[in-house]
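Here is a short briefing on one protein model. Look at the structure first, then work through the points below.

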Amino acid sequence: MTAVLSRPAAPPLRRDRRRWAWGLAAPAAVGWALASALDGGVLNPAGGTQFGRFAGAALSPALDGAFLGVLGTAALVTVAYAVLGTALALVLGAAGAVLLARTTWGGRRLGWAAARGALAVPRGLHEAVWGLLLVNLLGLDPWVGVLAIGLPCGAVTAKVFADLLDEVPRGPYDALLAQGSGRVAAALYGLVPQATGGLLSYAVYRLECAVRSAVVLGLVGAGGLGYQLSLSFSSLRWPEVWTAVYALALLCLGADVAGRAVRRRVAAPRRRAGTLSRDRVLTAAALAAPAAVAWAWWFLALSPASLVSARAREQAGYVLGAAWPPAGGGDLLREVARQAVVTLQTSVLAIAVATAGAVLVAGPAARLAGRSAPGRVAGALVRAALLLLRAVPPPVWALVLLFVLLPGVLPGALALGVYTLGVLGRLTAEVVEEADARPRSALTALGARPAGAWLYGVAPQAAGPVLAFALYRWEVAVRDTLLVGLLGAGGLGALLASRLAVFDWPAVTTVLLATIALTLAVDLVSERARRALR
């Protein structure tokens, strides 16, 4: 008897209702935000002349020695804030990661949820908001910039570090627990060594982010390149504005290049004759880190005594006493709700613009093997443009767009979208670079055109990671919307700025609580959406 071999029946394809729901909800939300942004007048014809002067000055930046000297000093201030802010964030992140990791808490979900909720408060507020609050406590002290970067970034770092610890194999951790070690000790010796590569890579990335945060803080008076950019912009000295913009781009480029080099070596350690060899770049980075912290401390002339001075204690007592309980008047709550909707619409439209732009530039921006010389030149130009977009803070883009657009949701959303495109475009290009090249090569060998090979060979691999990055950047965009609003673009940020200007502390507390609640809600929605895409 001849045995008949039959193929097993393929499992039937089923529609994932969650993905369909999210797929329909996303364009509906974008349409809702766009309808609000286009409601009423949009263009400001009177600002076209001023915008032309601004754009024309791009080719003639100010290069006189006196101004370049001022910018050089301002750049050192920005770097010092970034270094010390990153150091504080890493210390807080390392301490908080063990407390936030699911592994540490085991089955005690209530304690884990309480720890996560406690750290959600500092990371729910933008660095600029922390700066404005700390100025009222410490005055014009350099600790304001360091703490404004370190506190929220430390909370974010703790969450990321905790997630990295939860993803490593639990074998060594379980073995230490079986031998009688406590959960914290077992995590330190059983989980941290395995996660070292990811922890170091994120630490370097955190420094890159801190440079941009230090620039933003300069816009609200903390000094540095952001402050010089704000001064030049307010006095309409466009050549000086472009010089400051190019200085910001060079600073961000240096941070990006150094960070990329260190992360690449951490991810793929060098080997010689089958054994790990010492990497001179990593060794130099390890030695430079404490030296940079010591230099920044000296350069900013930090004094721990200023944190516990009589004035600081007195001012903290006054602000905390005046800020609680929060205001609960009906008029204020209705205004908070209205501005929260504006904030949400701005963030949705911004991330839609950034995601669409990132998808368009991902191919040219990616460093792909076998590309022709013109393609490499075009890629370098696209990457330079993305660097310029993310080097300029969102409030500056908003002020530029207000030359040609009327105040409202649209200029704030486009400003955030342009800035986020610079970040998301880079991340999307890296996703394309890391995608498996074999499907695209096979399609090309079969005669497919470049567009078809890209659409069927690369896009399916990159879609998931790109959407995940877009959802993560949406969380960040909500906080950045507050920054744009602080400078008059509307939303909760504008409401917070108006209440701070008159020292209405109960109302400030109400707006801050609403901001944190909105941020947590967006984080929850984003996490659910990312889970549905897996």
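Buried means under 20% relative accessible area, exposed means over 50%, and partly exposed lies in between (1.4 Å probe, protein chains only). This is a predicted model: local features need pLDDT of at least 70, side-chain atom pairs count only at pLDDT 80 or more, and totals for chains, interfaces and linings use all residues. Residues are numbered from 1 along each chain as its sequence is written, and side-chain values use heavy atoms, with hydrogens and water left out.

**Nonpolar cores**

- A nonpolar core is a set of buried Ala, Val, Leu, Ile, Met, Phe, Trp, Tyr and Cys residues joined through side-chain atoms within 4.5 Å.
- The largest one has 114 residues, and Val129 and Leu496 touch the most other members.
- Helix 15 (residues 330–365) gives the most to this core, with 12 residues. Helices (H or I, at least four residues) and strands (E, at least two) are DSSP runs, numbered from the N terminus.
- A second, separate core has 13 residues, including Ala97, Val98, Val168 and Ala195.
- Setting aside neighbours within four places in sequence, Val129 is in contact (heavy atoms within 4.5 Å) with Leu482, Leu486, Leu496 and Leu512.

**Cysteines**

- A disulfide is a pair of cysteine sulfur atoms within 2.5 Å. By this rule the count is 0.
- Cys153 counts as buried because its relative accessibility is 4%. Cys209 is also buried, at 11%.

**A helix end**

- Is Glu167 buried or exposed? Glu167 has a relative accessible area of 63%, so this residue is exposed.
- Glu167 belongs to helix 7 (residues 143–167).
- Glu167 and Leu191 are 24 residues apart in sequence and 9.3 Å apart in space, C-alpha to C-alpha.

**Backbone exceptions**

- Most residues other than glycine have a negative phi, and most peptide bonds are trans.
- The peptide bond from Trp324 to Pro325 is cis, with omega near 5°. Pro325 sits in the loop between helix 14 (310–323) and helix 15.
- Ala301 has a positive phi, near 55°. Ala301 lies in the loop between helix 13 (280–300) and helix 14, and counts as exposed at 58% relative accessibility.
- Phe503 has a positive phi, near 55°. Its place is the loop between helix 22 (492–501) and helix 23 (505–533).
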